[in-house]
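I opened my notebook to go through this structure step by step.

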Amino acid sequence: MIRSLLAPFLLAAAVATPVAAQDRVVVVGGGLAEIVYALGQEDRLVGRDTTASFPPAVNDLPDVGYMRALSPEGLLRLDPDLIIASEGSGPPETIAIMQNAKIPFVQVTEETSVASVMERVSTIAQTLDAADAGRALVARLQAQFDDLSQVTAQVSAPRRVMFILSAQDGRINTAGAGTGAEAMIELAGAVNAFDDIEGYRLLTDEAIAAAAPDVILMMDRDGAHALSDDGIRAHPALGLTPAAQSGRIVRMDGIFLLGFGPRTAEAARALHDAVYPTTPPRQEG
Amino acid sequence: MGGSDRARPTGPHAMRGPSGDRSLRARVTMAVLVVFVAMTALASMGIGAAGVSLPQVLSKLWSGEALSLREQVVIFDIRLPRLFTGLLVGASLAVSGAVMQGLFRNPLADPGIVGVGAGAGLGAVLAIVLGSFLPAAVLAMVGAHIIPLAAFLGGWAATMILYGVSTRQGRTSVATMLLAGIALGALAGALTGILVYIADDQQLRDLTFWGLGSLAGASWTKLAAAAPIMLAALIAAPMLARALNGLALGEAAAAHMGIAVQRMKTLAILTVAAATGAAVAVSGGIGFIGIVVPHLLRLLMGPDHRFLLPAAACLGAGLLLLADMIARLVIAPAELPIGIVTAVLGGPVFLWILLRRRGIVDM
């Protein structure tokens with residue numbers, strides 16, 4: 001369905017400019033920039049949005065602002081002949097102006113599943129006329145996902161993982177059903193300890209104690225949102241969980257874990273290894 | 001600036017006062033302001049991240065040469081609607097502030113204080129968080145304009161409730177209205193809080209950006225919907241000037257001067273609701289224009305509303321265009337929300353005004 005929605009844009013791209021001339025590409029949406037790099041097409045990038053920060057080289061490109069508040073003149077200033085953007089990008093007025101300026105604005109699905117990772121790779125590869133590189137990348141990712149599912153199929157007793165998005169002032173914000181974090185936990189062969197709530201939510205202490213997660217998963221970060229192992233053990237509710245008592249606390253880089261780009265299989269494998277370590281868990285996770 | 005400058009309106013005597021000196025100064029200020037608006041308007045057509053220059057475009061138009069597609073889009077799709085939106089929104093916010101301050105005889109009154117801003121904000125938040133639950137037919141009809149529309153309805157509803165609460169037997173109590181406005185503002189804030197709580201991450205980001213205000217979403221269709229409302233309010237406002245001058249002496253005195261006080265209050269409230277509701281609807285929350293501009297002008301030209309209201313329209317429009325240029329250029333190719341710029345510029349100016357007042361008028 002997505003592809004049929006995209007068809008008019010792709011067609012417009014083909015009509016407006018010979019594909020080879022698309023040498024000025026702006027990419028909007030964190031994971032998408034990563035795909036452009038993985039396809040080896042980074043030389044064509046002339047701009048990116050605030051949410052793109054991997055690979056580090058992407059930070060050298062001009063930043064066109066937050067993906068949902070794109071400035072029309074800011075985009076035109078970069079003189080792009082193609083804009084590849086995540087579905088939620090906007091505002092609609094800016095997209096309309098790009099269409100008036102005959103600059104193809106290709107929107108790509110932002111769902112968090114293996115199928116949509118593949119779809120993003122193929123759509124971007126086709127749009128950039130790098131179909132061969134796209135096929136190679138899809139094949140490589142498919143092999144990685146196949147390996148992963150063989151490994152996760154052997155899990156007999158799935159562990160219950162709780163994802164902590166933030167912990168400001170001791171208030172825990174967790175990931176419920178339908179979140180990218182839940183999708184990654186399931187890919188890694190575990191279950192989300194909070195699959196009965198929707199989206200990212202602040203929890204009460206009682207709910208945490210009742211959910212009794214086996215593993216706590218967090219993004220590697222510092223500042224007010226950071227939570228040390230000692231902080232977890234000292235927390236009135238987190239301290240009671242099997243995760244805290246057995247020291248199964250996992251920290252991963254945020255974009256690596258939740259980017260849903262070319263490194264997703266790798267990230268899921270790393271998460272699996274951290275949730276089901278072959279050696280007894282260390283304090284550091 | 002002599003010691004006769006006072007931030008509080010002092011009524012018709014002030015401008016008939018010792019000389020025609022004051023009215024002359026008002027006229028000079030007015031002329032300077034008109035030039036200021038014209039210059040900011042020209043600048044905002046000529047300056048922008050995309051690097052399309054106005055002289056070049058004009059010379060092309062003059063010689064009948066065709067504009068490039070990029071020049072057309074930048075000038076006609078981006079800068080022109082943005083210019084008109086900025087002019088109208090800036091003028092509406094400043095005039096609303098001036099009318100409100102005159103009506104309440106309180107230099108701190110502002111549409112934000114009587115809950116109109118909070119009501120509009122609640123409408124917008126409702127649309128952002130719950131908009132997707134509307135029936136498909138309604139969504140198809142209002143489309144992308146659902147947020148501005150909801151903001152306008154929210155501001156309107158707040159004004160109507162306010163008016164209903166504070167009017168008994170055809171008499172509006174301004175004091176009750178001020179208090180009711182504070183209560184309404186708190187209630188709208190609490191309801192907004194509930195919606196913020198149930199919003200998802202993306203909606204939260206949208207809410208934050210909306211609250212900071214921006215002219216980036218300006219478009220002809222939005223302008224076509226909001227401009228008539230703002231224009232009507234801006235045309236109605238000067239008709240209130242004499243009555244606002246009279247009201248500065250107190251309601252009884254104003255009535256003795258032959259002013260239909262109740263009718264005038266109703267008209268003033270409707271004007272402010274329409275202007276603020278429509279302005280907030282197209283541009284989100286933009287602070288400080290409504291409160292700083294009238295203050296600044298009273299210092300420059302005295303409290304006579306006959307001059308104050310048109311001057312506020314000019315200064316508000318010009319300042320907003322200036323703020324918008326800063327918002328567009330400082331971090332190009334990205335842009336700042338304009339509410340941040342007006343607050344950064346307006347906050348210190350407001351403090352300066354307060355300090356000045358303390359020095360001149362013993363408070």
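My entries on confidence and on the domains follow.

I note that this is a predicted model, in which local features need pLDDT of at least 70, side-chain atom pairs count only at pLDDT 80 or more, and totals for chains, interfaces and linings use all residues. Residues are numbered from 1 along each chain as its sequence is written, chains are lettered from A and ligands numbered from 1 in the order in which they are written, and side-chain values use heavy atoms, leaving out hydrogens and water.

**Confidence.** I looked up pLDDT (the predictor's confidence in each residue, from 0 to 100) and found an average of 88 for chain A, with 89% of the residues at 70 or above. I found pLDDT under 50 over residues 1-5 of chain A, and below 50 again over residues 7-19 of chain A. Where pLDDT is low, the predicted coordinates should not be read in detail.

**Domains.** I see chain A divided into domain 1 (6-150) and domain 2 (160-275), with bounds that come from an automatic or database domain assignment. The C-alpha centres of these two domains of chain A lie 30 Å apart.

**Where they meet.** I recorded 15 residues of domain 1 of chain A in contact (heavy atoms within 4.5 Å) with 15 residues of domain 2 of chain A. Across this interface I found 1 salt bridge (a side-chain nitrogen of Lys or Arg within 4 Å of a carboxyl oxygen of Asp or Glu). Glu34(A) and Arg263(A) join their side chains in a salt bridge, at 2.6 Å from N to O.
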